[in-house]
Amino acid sequence: MKKIFLTLGLFLITNAAIVAQEKEQPKQVIGVKGLCEMCKKRIEKAALDVKGVRSVDWSIADQQLTVYLNPKKTTGKEVQEAVALAGHDTESVKATDEAYNNLHGCCKYER
């Protein structure tokens, strides 16, 4: 009888851990080019405007955008496309020349 309760208890703990993992927000780290605080605001706003993005943080120092998103509503690719439309190159989507040229002078990174 003890073995049955022990097995059932282990099953419930394991199942609870699996369910908790499914609810975690997927985290993606995306390389995004930029230079300053204005870039940070623009990049983060563009990413947050994508439906399904829960939170973002772009680091000026390492030029990495950390994105928490709902994979049922969006993808990292869609986030990169939105950031590129704002004028910033990402690791797999390049901004158009027009979008890049619309950036403020201090925001023009080396392409």
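Helix H2 lies across strands E2 and E3 and runs at about 160° to E2. Helices here are DSSP runs of H or I with at least four residues, strands are runs of E with at least two, and both are numbered from the N terminus. Axes are lines fitted to C-alpha atoms, for helices over the stretch in contact, and angles run from 0 to 180 degrees between N-to-C directions. Before going on, please note that this is a predicted model, in which local features need pLDDT of at least 70 and side-chain atom pairs count only at pLDDT 80 or more, while totals for chains, interfaces and linings use all residues. Residues are numbered from 1 along each chain as its sequence is written, and side-chain values use heavy atoms, with hydrogens and water left out.

Now look along H2. In this helix Cys39, Lys40, Ile43, Glu44, Ala46 and Ala47 are buried (under 20% relative accessible area; exposed is over 50% and partly exposed in between, with a 1.4 Å probe and protein chains only). They sit on the same side of H2 because they cover an arc of only 160° around the axis, taken from the directions from the helix axis to the C-beta atoms. Lys41 and Lys45, on the other side of H2, are exposed. The cover over the buried residues includes strand E2 (53-59), strand E3 (64-69) and helix H3 (76-85), where contact means heavy atoms within 4.5 Å.

Next comes the sheet. It is open, with three strands in the order E1-E3-E2 and antiparallel pairing; two strands pair if DSSP finds at least two bridges between them. The edge strands are E1 (27-31) and E2, each pairing on one side only. E1 and E3 are joined by five antiparallel bridges, and Lys27 stands opposite Tyr68 in E3. E2 and E3 pair over six bridges, also in the antiparallel sense, with Ser59 partnered by Gln64 in E3. These two strands form a hairpin with four residues between them, and Gln63 in the turn has a positive phi of about 50°. H3 lies across E1, E2 and E3, at about 130° to E3.

Finally, which loop holds Glu91? Glu91 is found between H3 and helix H4 (97-101), and is exposed, with a relative accessible area of 56%. Leaving out residues up to four places away in sequence, Glu91 touches Val29, Ile30, Gly31 and Gln80. A polar atom of the Glu91 side chain lies 2.7 Å from the backbone nitrogen of Gly31.

Notes: Polar contact = N/O pair within 3.5 Å; in protein donor to acceptor, adjacent residues only side chain to side chain.
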